[in-house]
Amino acid sequence: CRSRYEQGRLTKPRHPLWQLPSLLTTALIPMSRKTSRHLGTLSYSIYAYMNLSLLAAIAWIATFSLPKLKWRWQVAHSLVKCLEKVTFTQVTVTGRENLQNPQAVIFVANHSSYVDALFLTGLLPKPAKFVAKAELKSNPLLYRPLGNLGVQFVERFDNRQSAKEAQQMRMNLSQGHSLIIFPEGTFTRAPGLLPFHLGAFIAAVKAQVPVIPISLQGTRNILRAQSWQLRRSKISIHVGKPINPSGKGKETHAYDWQIALELRNKVREQILEHCGEPD
């Protein structure tokens, strides 16, 4: 710049035609890269949905034809592992040894994508009952198969129904069935761990069963809210150590509520540490 100024060439105008190739190159190269990335993502999404549809059809048939829940879960577990391979999804799991629990437990996981339940099914070797929103009952393609896999549907907005559903959760736990709960209740497009509802932790206190925190990282990148385009992403799953409800013996509502609050805070703190998203 100084050299041009000293030579009197700093303000010498250039002919617009000489600038045109440079401008076109500057504009077209990023556009071509963006188009190429979009086509690549779209192609992968179509490929992934084709495989997902095929494996989902097999799972749908298995949920109706196999008589035992253990067998139906094992088929679903194997199909998810197969889906991970054919879609080139790299899943890294730490703390897998914490899954080997002889008693019924409540698995609590952060919720950031539609595919969270799939990866949890592929993670857990033994059957566990998901606690899902009652709105899924209106979907005839999902309601019966999910019910055959032991899913318990809960009404999120009806307080009168919640007591009965809490009793059902405690009954499942007393019968030796582990539960899988997303305490955030929903998920959003933007990253961030939402506040936890207390239902899972009250059930743990009432039934005196441990809570195992599970942190999912990377699932939001695969399928975000308000989008149906699948993308490739590495998945990291951290299984924390079981956290037992403290203070056994007192049977007052206020005391159980306080213990549930403490349990919720411990579990959320551990999930926040490993989920890779802000509070």
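Phe 88 has a relative accessibility of 49% and therefore counts as partly exposed, a class that lies between buried, under 20% relative accessible area, and exposed, over 50% (1.4 Å probe, protein chains only). The structure is a predicted model, in which local features need pLDDT of at least 70 and side-chain atom pairs count only at pLDDT 80 or more, whereas totals for chains, interfaces and linings use all residues. Residues are numbered from 1 along each chain as its sequence is written, and side-chain values use heavy atoms, with hydrogens and water left out.

A search of the whole structure finds seven aromatic pairs, a pair being two rings of Phe, Tyr or Trp (its six-membered ring) with centres within 6.5 Å, called stacked with planes under 30 degrees apart, edge-to-face over 60 and tilted for the rest. Among them, Tyr 47 and Phe 88 are stacked, at 6.1 Å centre to centre and with 15° between the planes. Tyr 47, at 32% relative accessibility, is likewise partly exposed. The ring centres of Tyr 114 and Trp 228 lie 5.1 Å apart with their planes at 15°, so this pair is also stacked.

Strand β7 (residues 235–239) has four of its five residues buried, where strands (E, at least two residues) are DSSP runs numbered from the N terminus, as are helices (H or I, at least four). β7 pairs, by the criterion of at least two DSSP bridges, with β1 (residues 91–94) in the parallel sense and with β6 (residues 211–217) in the antiparallel sense.
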